[in-house]
Amino acid sequence: MSKPSIPKGTRDFLPAEVAKRKYIFSTIEEVFQLYGYQPIETPVMENLSTLTGKYGDEGDQLLFKVLNNGDYLKKADQSALEARDSKKLVSSISKRGLRYDLTVPFARFVVMHQNDISFPFKRYAIQPVWRADRPQKGRYQEFYQCDVDVVGSTSLMYEAELVKIYDEVFRRLQIPVQIKVNNRKVLSGIAEVAGIADKFAAMAVAIDKLDKIGQDGVRNEMTGSNISDDSIDKILSLLEMNSLDALAAQLSDSEIGMQGIAELRDFHQYLDPVGHHNEVIFEPTLARGLSYYTGCIFEVSAVGVEMGSIGGGGRYDDLTSMFGLKDVSGVGVSFGAERIYDVMLELGLFEQADIKETKAIFLTFDPESHLYAFQAAAQLRVVGISVEVYPEPAKMKKQMKYADSRGFEYVLIVGDNEREQSQVMVKHLKTGEQTPVALNDLAAHLQS
């Protein structure tokens with residue numbers, strides 16, 4: 001018999017870990033709701049036709065495909081099968097795939113439900129996504145995204161609002177972050193003045209890898225895309241300019257580049273007067289690999305922790321048009337819940353978090369006391385106190401060992417004396433202090 005295992009790039013979570021994750025999700029959700037965003041949910045699976053062609057060539061290769069039901073080989077493309085052409089074969093044996101992110105399904109949702117929602121439509125979703133990526137630190141094949149988007153408006157107010165959402169969430173989670181901002185139109189302007197407007201996509205994909213492969217690696221990638229050395233030199237010199245004014249002077253001959261500069265200035269007009277707790281910086285090397293971004297783009301990294309980005313997003317003007325609905329611009333950002341969890345573990349932030357756990361457990365000496373404890377526990381739950389009852393009146397040492405391993409704050413001990421006096425002996429596990437408390441006063445005592 002083989003040992004039980006789980007697929008690579010996935011994780012199990014024990015109860016204490018789930019509690020910590022729920023703390024992250026609830027903190028994020030509270031901030032989403034504070035800004036007036038509404039929850040939606042979409043299916044785990046989407047039609048492959050919905051997913052393909054939205055994430056660039058690399059993204060398409062990372063989609064998890066779901067085999068058709070039944071005898072899927074019966075209707076397979078025989079020529080592709082014989083030629084072992086897996087790329088051509090897929091379309092005949094798989095019509096569905098696991099969602100890669102929450103943004104493309106959201107665009108599909110908007111088109112299908114355009115008559116049921118009001119524009120601008122502000123939504124959030126907290127659901128798992130799947131990517132056939134190589135697992136490594138902070139990178140998983142199954143992970144949760146926490147997305148917040150608004151569609152139906154081109155106002156740069158929303159870009160500022162989303163950065164404020166990032167700022168507030170990470171303030172509440174006590175994670176110091178750097179929020180990087182750029183604009184895809186600025187990158188288009190850089191490509192234009194470097195004379196490679198027709199190779200913008202290849203340039204953007206290469207720049208997106210800068211933090212992973214370094215400047216030499218980016219140079220090699222662009223050379224491989226037939227971008228000349230002179231153009232590469234121009235691009236890399238422009239990417240070193242970290243002020244809007246300096247870059248604007250270099251992009252003055254590019255209409256689209258100057259449009260990107262103007263959008264970033266407009267964004268700052270909204271954001272700067274209201275302030276922010278975390279650092280917000282202009283980062284011209286920020287590219288975001290996904291091909292659907294058209295305007296402002298964002299990426300968040302934790303300060304002082306070796307981890308990839310823990311959030312990202314941007315403006316997308318054309319996404320719903322892929323599903324037949326034109327002129328509906330959108331902008332959104334995502335929180336990488338798995339990496340946020342890992343960062344909080346590394347920084348020891350869960351110890352300070354208000355994570356709700358079961359408060360107390362009843363331990364009993366005899367069957368009569370066990371029945372008494374069960375009834376008392378029912379009364380405590382009515383007033384919202386989380387409590388358990390050990391399943392049998394076993395040896396006290398065994399019961400206490402269980403209570404210690406679970407990390408309860410209190411044990412509530414019941415024996416003959418406590419029953420006769422309608423009391424419970426309350427023991428605080430950290431201090432060892434014991435106090436007899438009347439049953440009628442027990443709820444108030446535990447709440448205090």
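In what sense, left-handed or right-handed, does α10 pass α11? The legend to View 1 gives the reply. The model is predicted: local features need pLDDT of at least 70, side-chain atom pairs count only at pLDDT 80 or more, and totals for chains, interfaces and linings use all residues. Residues are numbered from 1 along each chain as its sequence is written, and side-chain values use heavy atoms, with hydrogens and water left out.

**View 1. Helices α10 and α11 cross at roughly 140 degrees.** Helix α10 spans residues 210-224 and helix α11 spans residues 229-239. Helices here are DSSP runs (H or I, at least four residues), numbered from the N terminus. The two axes come within 10 Å. Axes are lines fitted to C-alpha atoms, for helices over the stretch in contact, and angles run from 0 to 180 degrees between N-to-C directions. The angle makes α10 oblique to α11. Angles under 35 degrees count as roughly parallel, over 145 as roughly antiparallel, 65 to 115 as roughly perpendicular and the rest as oblique. α10 passes α11 in a right-handed crossing. A crossing is right-handed if the near helix is turned clockwise from the far one by less than a right angle, and left-handed if anticlockwise. From α10, Gln-215, Arg-219, Met-222 and Thr-223 make the contact. From α11 come Asp-229, Ile-232, Asp-233, Ile-235 and Leu-236. Contact means heavy atoms within 4.5 Å.

**View 2. Helices α8 and α13 pack at about 150 degrees.** Helix α8 covers residues 184-193, and helix α13 covers residues 255-274. Their axes are 7 Å apart. The pair is therefore roughly antiparallel. α8 passes α13 in a left-handed crossing. On the α8 side, the contact uses Lys-185, Val-186, Ser-188, Gly-189 and Glu-192. On the α13 side, it uses Ile-256, Gly-257, Gln-259, Gly-260, Ile-261, Glu-263 and Leu-264.

**View 3. Leu-244 sits in helix α12 (residues 244-250).** Its relative accessibility is 14%, so Leu-244 counts as buried. Buried means under 20% relative accessible area, exposed over 50%, and partly exposed in between (1.4 Å probe, protein chains only). Leaving out residues up to four places away in sequence, Leu-244 touches Ile-261, Leu-264, Arg-265, His-268 and Phe-282. Arg-315 is 71 residues from Leu-244 along the chain, and their C-alpha atoms are separated by 19 Å.

**View 4. The largest nonpolar core has 99 residues.** Such a core is a set of buried Ala, Val, Leu, Ile, Met, Phe, Trp, Tyr and Cys residues joined through side-chain atoms within 4.5 Å. Ile-175, Met-203, Ile-310 and Phe-335 have the most contacts inside it. Helix α7 (residues 157-173) gives the most to this core, with nine residues. Another core, of 20 residues, lies apart from it; its members include Ala-360, Val-424, Val-426 and Leu-442. Beyond neighbours within four places in sequence, the contacts of Phe-335 include Ile-28, Phe-32, Tyr-144, Ile-165, Val-169, Phe-170 and Ile-310. Gln-145 and Gly-311 are also among them.

**View 5. Arg-21 pairs with Glu-338 in a salt bridge.** A salt bridge is a side-chain nitrogen of Lys or Arg within 4 Å of a carboxyl oxygen of Asp or Glu. The closest N and O atoms of Arg-21 and Glu-338 are 2.7 Å apart. This pair links distant parts of the chain, 317 residues apart. Arg-21 lies in helix α1 (residues 15-34), and Glu-338 in helix α14 (residues 337-347). Arg-21 is buried, at 8% relative accessibility. Glu-338 is buried as well, at 4%. Arg-21 and Glu-338 belong to a network of salt bridges with Arg-11 and Asp-342. Arg-21 also touches Phe-13, Tyr-144 and Tyr-341, among others.

View 6. Asp-416 is partly exposed, with a relative accessible area of 41%. Arg-419 is partly exposed too, at 24%.

**View 7. Asp-198 and Lys-199 meet through their side chains in a salt bridge.** The N to O distance is 3.8 Å. Asp-198 is exposed, at 66%, whereas Lys-199 is partly exposed, at 25%. The whole structure holds 22 salt bridges.

Technical notes: Helix = DSSP H or I, 4+ residues; strand = E, 2+ residues; numbered from the N terminus.
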